[in-house]
Every structure is written in structure tokens, then in C-alpha cells.
Amino acid sequence: MDEADQGSGGSPAQSVSFCGCAFLLGYELGVIQALQELAPEILGSAAKFFGTSSGAIAAAVLACGGNQETVDEVYYGVLEKSKKSLLGSFSSGSNFLKLLEKGLYKSLKENCHQLASGRLHIGLTRLPDGQKVVISDFYSKEEVIQAVLCSCFIPCVCGWIPPSFRGMRYIDGGFTSLQLFSDPETTIYFSDLS
């Protein structure tokens, strides 16, 4: 275990894990807001952030140094543009992934890949073999965003052609694992699934 994985006094630092929760992104972004207001020390000392599916969005915002303004930019940017549709952000007319991509490009810092590498762990499902893959190293802002988009791609609902990361196609990480973690003893889990 390296120093980044240890808290004060040599004890392991806590990590934060967001479960994939289908269309309940608002829940996870609400958790971010509550943590920032009520327990900022947890976020400041977290060694790693894990996320799958919509949880990858929340984990990326936190690992990349986002704040409430970042949360609002991503969430409301997608929500406001999709309100007019019967199926909300997941209707074919609203193009959820394009709205999400635009919100992430606008709100994440240019050096987010440097902030995220080694701290952000995003769960994906690789095609065509359906294996779970966890990405934790990023070489550009675009790679962070592409990994999040891959982890959120639900076939048919989000389109027909899955996005790619480093030349490989992936779909929603929730197909292989709804909750990622490193150590159950030191990881705080957030899930709306009971």
C-alpha cells in the first residue's frame, strides 16, 4: 500500500463507491451535494473514487475536483434539454450521451485526467466478450469523458453503436458489476438499490 492509500496515522484512507442505478443520476448527484456540504473531509481525504454506469458520472465529478457548480452543470444541462420529451433524457430525440458529453466537456477541468489517474476507477463491460473491465489511468480529458460515456451506454436505449475507449467498444458497466470497490473495510458505498 502506498502513501496515497493511507490516511493519517498510517491507517488506510477511505474510498467512495457509487453504484450503477439506472436512471437515478439525480440521487447520486444529490449525494455529492450532501457530502460537499455536510462531510467535505470524506471527499478531501478519499484515496479512490469508484463508479459504474451512472455512478461513473458521480465518481468522475468527485475524482476530477468538481464542486456543486460542476454537478449542476452536468445534471441540469442534461435534464433541462430533455424535459420536453416523454421519456426524458433517454428518448431518442434528446440523445442523452451527447448531452452528457457536452456537459462533461464544459464542466470538467482541462487537467482532469491528471487528477483522475489512479484515483478514478470506472467499471465497463467489454464487447464482444462481455467481460468486466476497470479503467483507472487516463491520458487526456477526452479519455476520462469517453470512459464515463462507455460505462453509461445502455444498448437500444442510448443507441445502437456503443462508444469506444482506446479502440475497444464497451457498454454499461452495470451489466457486469453494479458496485466497484477496493476494500470493503475502507470503502463507503452509495446505492439507491436496497
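This report walks through a helix pair, a nonpolar core and some salt bridges in a predicted model.

## Ground rules

Residues are numbered from 1 along each chain as its sequence is written, and side-chain values use heavy atoms, with hydrogens and water left out. Because the model is predicted, local features need pLDDT of at least 70 and side-chain atom pairs count only at pLDDT 80 or more, while totals for chains, interfaces and linings use all residues.

## Two helices side by side

Let's start with H3 (residues 54-63) and H7 (residues 141-152), whose axes come within 7 Å and cross at roughly 155°. Those axes are lines fitted to C-alpha atoms over the stretch in contact, with angles running from 0 to 180 degrees between N-to-C directions. H3 and H7 are therefore roughly antiparallel, a label for angles over 145 degrees. Helices here are DSSP runs (H or I, at least four residues) and strands are too (E, at least two), numbered from the N terminus.

Where do they touch? Ser54, Ala56, Ile57 and Ala60 on the H3 side meet Val148, Ser151 and Cys152 of H7, contact meaning heavy atoms within 4.5 Å. By class, that's five nonpolar residues, two polar and no charged ones.

## The nonpolar core

The largest nonpolar core has 49 residues, and Phe18, Leu100 and Leu120 have the most contacts inside it. Such a core is a set of buried Ala, Val, Leu, Ile, Met, Phe, Trp, Tyr and Cys residues joined through side-chain atoms within 4.5 Å. H3 supplies the largest share, eight residues.

Take Leu120: leaving aside neighbours within four places in sequence, its contacts include Phe49, Ala59, Ala60, Ala63 and Val144.

## Salt bridges

There are five salt bridges, each a side-chain nitrogen of Lys or Arg within 4 Å of a carboxyl oxygen of Asp or Glu. One joins Lys98 and Glu101 (3.7 Å, N to O); both sit in helix H5 (residues 96-107), three residues apart, about one turn of the helix. Lys98 is exposed at 53% relative accessibility, while Glu101 is buried at 17%. The cut-offs are under 20% relative accessible area for buried, over 50% for exposed and partly exposed in between (1.4 Å probe, protein chains only).

Another pairs Lys141 with Glu110 (3.0 Å, N to O). Lys141 lies in H7 and Glu110 in the loop between H5 and helix H6 (112-116), so this pair ties together parts 31 residues apart in sequence. Lys141 is buried at 7%, and Glu110 is exposed at 60%.

Finally, Arg166 and Asp137 meet at 3.6 Å, N to O. Salt bridges that share partners join Asp137, Glu143 and Arg166 into one network.

Key:
Angles under 35 degrees count as roughly parallel, over 145 as roughly antiparallel, 65 to 115 as roughly perpendicular and the rest as oblique. Ala, Val, Leu, Ile, Met, Phe, Trp, Tyr, Cys and Pro count as nonpolar, Asp, Glu, Lys and Arg as charged, and the others, Gly among them, as polar.
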